Amino acid sequence: MTDFPVFLAHDHMQRAEDYRRDLDGGVTGKIVHLTIDSWIEAPTQEEYDAAYDSYNGFRDRGLEALTKLHAIAAASENKVRVVREFSDLETARSEGQLGIIAGNEGGKILGSDPALLDAWFGLGLRHVQFNWAMPNLLGASQDQENDPEQPGLTEFGREIIQNMNEKGMIVDVSHSAPQTILDALETACKPILNSHSGGREIADKPQNLFDDQIRAMAYNGGVIGIHFCSRLVLGVNGVQAGIDDVVKQIRYVADVGGIDVVGLGPDWILGDPIRDVPYLRNTNQEDLTWAKGLEDSSELSNLWDALVGAGFTAAEIEKIAGGNMLRLLRDVLPG
């Protein structure tokens, strides 16, 4: 257990047993990405492919996942509190609960009607990551970064950001095209999040950020959650990363943007047998691994030790672990 807050910017583990492991591992709270802008657990490859560029079913799957979260939180033995305003994080920690921010990896759940954001907000959604792999009505995804027209945020996307800022919801630009990220930074009046990423100069993957993007995120007061997935940490597929590789990413982003921009976005998704098989098959990622020694929240203490060994101070580690994320949440969430 740690004596400082630990807040994860990006995670998919959302069963009651996952939350118990988080608490035992010293996690204070996290953003749970309830669904993704593709049907990753579709029963067949054909159904996954059909959903890739479709909007059908995403709202229903999002509602189902959010309903399950509220059911877990309603059972006191699970020690979970759904965070609707910033004070809920403080209450959760004082009562030994895990603070969960309900979020989503992709904007398809919002459809095309700005009024839907009001409904989702009323149900407890407090975060939207605009893109996954594909574009949507909010803006261009990372897959379009080489489009000569440089598509970015749509007018609908700009309207959604303004509404999210007014309500107190977290805008997340992970997986977005460079122009979408730039447009979001120019549109937002509050700090934004890039929930799972790293430095592109040392790991050349489109999801990772160029130095000027890291500095722009820092100037905005935002946070970049450092990814733990091997291919994002190293920039190559099929190679196992280690804790030292994650620390290298943390050091690089801190050197470029300053310690205040660094957070943790492990993006854990493996470990649920029902989801793992169709997810890995549908997305053709059978070689997917997470950094050895950081494969779930029970191993987080390994990172604190490695950061100490790399020369980070106690104050810097506290910022990385959760202090920077909590600052962003204080600036963005209601209350």
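Mentor: In this predicted model, the largest nonpolar core has 87 residues, and those with the most contacts inside it are Ile 250, Leu 303 and Trp 304. Helix α10 (residues 243-257) contributes the largest share of this core, eight residues. Apart from it lies another core, of 16 residues, including Phe 86, Met 325, Leu 326 and Leu 328.

Trainee: What makes a set of residues a nonpolar core?
Mentor: The residues must be buried, of nonpolar types such as Ile, Leu and Trp, and joined through side-chain atoms within 4.5 Å. Ile 250, Leu 303 and Trp 304 belong to the largest such set, so they meet these conditions.

Trainee: Which residues is Trp 304 in contact with, leaving aside its neighbours within four places in sequence?
Mentor: Trp 304 is in contact with Thr 2, Phe 4, Val 6, Leu 264, Ile 317 and Ala 321.

Trainee: What is known of the largest cavity, and why is it called a cavity?
Mentor: The largest cavity has a volume of about 60 Å³. It is called a cavity because a 1.4 Å probe fits there but cannot get out. The structure holds one cavity of 30 Å³ or more. Its lining comprises 17 residues, with Ser 176, Ile 181, Pro 206, Asn 208 and Leu 209 nearest the centre. Seven of the lining residues are nonpolar, eight polar and two charged.

Trainee: Which residues of helix α8 (residues 211-220) are buried?
Mentor: They are Asp 211, Gln 213, Ile 214, Met 217 and Asn 220. These buried residues pack against α7 (178-187), β7 (193-197), β8 (223-226) and α10.

How values were computed
Residues numbered from 1 in each chain as written. Predicted model: local features only at pLDDT ≥ 70, side-chain atom pairs only at ≥ 80, totals over all residues. Heavy atoms only, no water. Buried < 20%, exposed > 50% of the residue type's maximum accessible area, 1.4 Å probe, protein only. Helix = DSSP H or I, 4+ residues; strand = E, 2+ residues; numbered from the N terminus. Contact = heavy atoms within 4.5 Å. 1 Å grid on protein atoms, 1.4 Å probe; cavity = no way out; pocket = protein on both sides within 12 Å on 5 of 7 lines; lining within 4 Å. Points joined across faces, edges and corners; volume = space filled by probe spheres on them. Nonpolar A, V, L, I, M, F, W, Y, C, P; charged D, E, K, R; others polar.
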